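Thanks for sending this one over.

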Amino acid sequence: MEHVDVCVIGGGLSGLASAVCLAGAGKTVMLVEQSERLGGRASSDVYEGCFVNRGPHALCQKGIGMKVLGQLGIVPKGGTLALGGTLTEREHEYELPMTPLSLLKTNVFTWKQKKEFLSLLFRLTRQDLESVCQMTLYEWANLNIADERVRQLLYTLVRLSSYCDDPERASAGVLLRQLRLSAVGGVAYLHYGWQSLINDLREQALKAGVTIRLRQHVATIEGETPAIKVGLTETRFLSAKYVISSAGPAATYRMVKHAEKTVLARWKYTLIPVKGAALDVIVKRLPNPDISFALDLEQPLYFSNHSAAAVFTNHPDYQVIHTFKYHRASEIPDSDQDRELLEAFLDRLQPGWQNEVLKKRYLPAMTVSHSLVTPERAAMLSKESPAIKEIPGLYAVGDWFAREGLLADAALASAYEAVQDILKMEGK
Ligand SMILES: Cc1cc2nc3c(=O)[nH]c(=O)nc-3n(C[C@H](O)[C@H](O)[C@H](O)COP(=O)(O)OP(=O)(O)OC[C@H]3O[C@@H](n4cnc5c(N)ncnc54)[C@H](O)[C@@H]3O)c2cc1C
């Protein structure tokens, strides 16, 4: 049986980052990915010469993810949209107040509401958000914001920065921290999509000596360090001193023998995923170039022309646009209805867009994150680690370790933590 120091399961951001770090530290690393290419949810597909992410993707410029990537010698390149845009509400359209000037100009608020919103923004830059992790955003907003409409705009902006449309369930501290991180540090759309990041990681992995096996589905994980048996098929096995799974909590649970006796069982049965429907479109030209970005105040809808900030194609006119409908945890989504909503949102913002379409792709049920961070989850996170304590040598990494940031930040931070733990065990 082939033996390696580390077997990494999954070739998305967190798997690749783990593999690069460990191979760079001198370990023999094999990365096993079930699909025919690397990238996972951070993949971009190429249509009509344009790179298209799977749903809208923006990277926090000051998040922990950037720091981890920096340690691996990767500097993501992209562009940022100017803060602001359009806020729709039924038949009305307003300027989205994201800067002091747009707050002054917008008609979405009365003067009294503007004053309250401004003082809210000021408070958010200073408030100790750790202390409000144990209440929901809904509870926090009711205590701290008098005006219903100001609360509504806060929920809209939180949804944008975290993809979470559950103020009644999610931790105030975690969501407000994410809003502050995105608003103050900024977010970037990456040139040629997030695939460019994956390609950079792949290059570093190969340079560091990682063996990459595509189209290999890991079915079983058995035993503990120093010889964990990884089952690729019923008859093909690999032995590894350490295994890092980035396949997600439920998929990892299915692979691991006796997983029911581990923390994986708690994750599988208690984590609430954050989901949504994405309509990704390439148009020959944008019918209404004045609108590059829009949110709706009442409905959980997003629109952004990513080509306004970053390069996705060498064609001078083609534009890559993304629309998204955020799902609530309690919602049973109606895929057709969501699609109609997204198309109607585009009809309103970009009338005639259907005549310009080169490619339209609808992804009705995307898992943006494996875990919404409730106050209970926030408390639990401080006690957890990517190491599966019950099975020495086994680690699980991914976006549900939202200790330092959410989404890709959490995925990359957990990968880094698992690597540090392994290197410590190895006395490095
Ligand atoms: C619509 C959408 C929008 C998003 N927008 C943003 C954003 O704006 N900002 C942000 O920071 N993040 C965003 N994210 C989240 C970001 O994409 C993820 O956090 C990140 O890509 C997760 O990387 P990962 O490697 O942890 O997981 P994944 O990308 O899910 O990778 C897991 C890999 O494991 C493989 N695998 C699974 N099971 C097995 C098995 N048994 N054997 C072998 N391989 C296996 C899978 O094929 C996959 O390639 C978004 C996600 C979505 C879906």
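The points below start with the ligand and then turn to the aromatic rings.

1. A reminder before anything else: this is a predicted model, so please read each distance and angle below as a value computed from it.

2. Let us begin with the surroundings of the ligand. The shell around it holds 34 residues, and Ser14, Glu33, Arg41, His57 and Ala58 are the closest. By type, the shell divides into 17 nonpolar, 13 polar and four charged residues.

3. Which polar atoms of the protein face oxygen atoms of the ligand? For serine 14, a polar side-chain atom lies 2.7 Å from a ligand oxygen. In glutamate 33, an N or O atom of the side chain is 2.6 Å from an oxygen atom of the ligand. Alanine 408 takes part through its backbone, where a polar atom is 3.1 Å from a ligand oxygen. As for cover, the ligand taken alone exposes 1,000 Å², and the protein buries 93% of that.

4. Helix H1 (13-24), strand S18 (357-369) and helix H13 (407-425) each contribute at least two residues to it. At the level of domains, residues of the shell come from both domain 1 (2-43 + 194-269 + 372-425) and domain 3 (274-369), so the ligand lies between these two.

5. Now to the rings, where the count comes to ten aromatic pairs. One of them joins tryptophan 267 and tryptophan 400: the ring centres are 5.6 Å apart and the planes meet at 70°, which is over the 60 degrees needed, so this pair is edge-to-face. The two residues belong to distant parts of the chain, 133 residues apart, with tryptophan 267 in helix H10 (residues 263-270) and tryptophan 400 in the loop between strand S19 (394-396) and H13. Are they buried or exposed? Both tryptophan 267 and tryptophan 400 are buried.

6. Tryptophan 400 also pairs with phenylalanine 401. Here the centres of the rings are 5.5 Å apart and the planes stand at 35°, so the pair counts as tilted. Tryptophan 400 has 1% relative accessibility and therefore counts as buried; phenylalanine 401, at 3%, counts as buried too.

Key:
Residues numbered from 1 in each chain as written. Predicted model: local features only at pLDDT ≥ 70, side-chain atom pairs only at ≥ 80, totals over all residues. Heavy atoms only, no water. Near = heavy atom within 4 Å. Polar contact = N/O pair within 3.5 Å; in protein donor to acceptor, adjacent residues only side chain to side chain. Areas by Shrake-Rupley, 256 points an atom, 1.4 Å probe, with all protein chains shown as cover. Helix = DSSP H or I, 4+ residues; strand = E, 2+ residues; numbered from the N terminus. Nonpolar A, V, L, I, M, F, W, Y, C, P; charged D, E, K, R; others polar. Domains from an automatic or database assignment. Phe/Tyr/Trp six-rings, centres within 6.5 Å; stacked < 30°, edge-to-face > 60°. Buried < 20%, exposed > 50% of the residue type's maximum accessible area, 1.4 Å probe, protein only.
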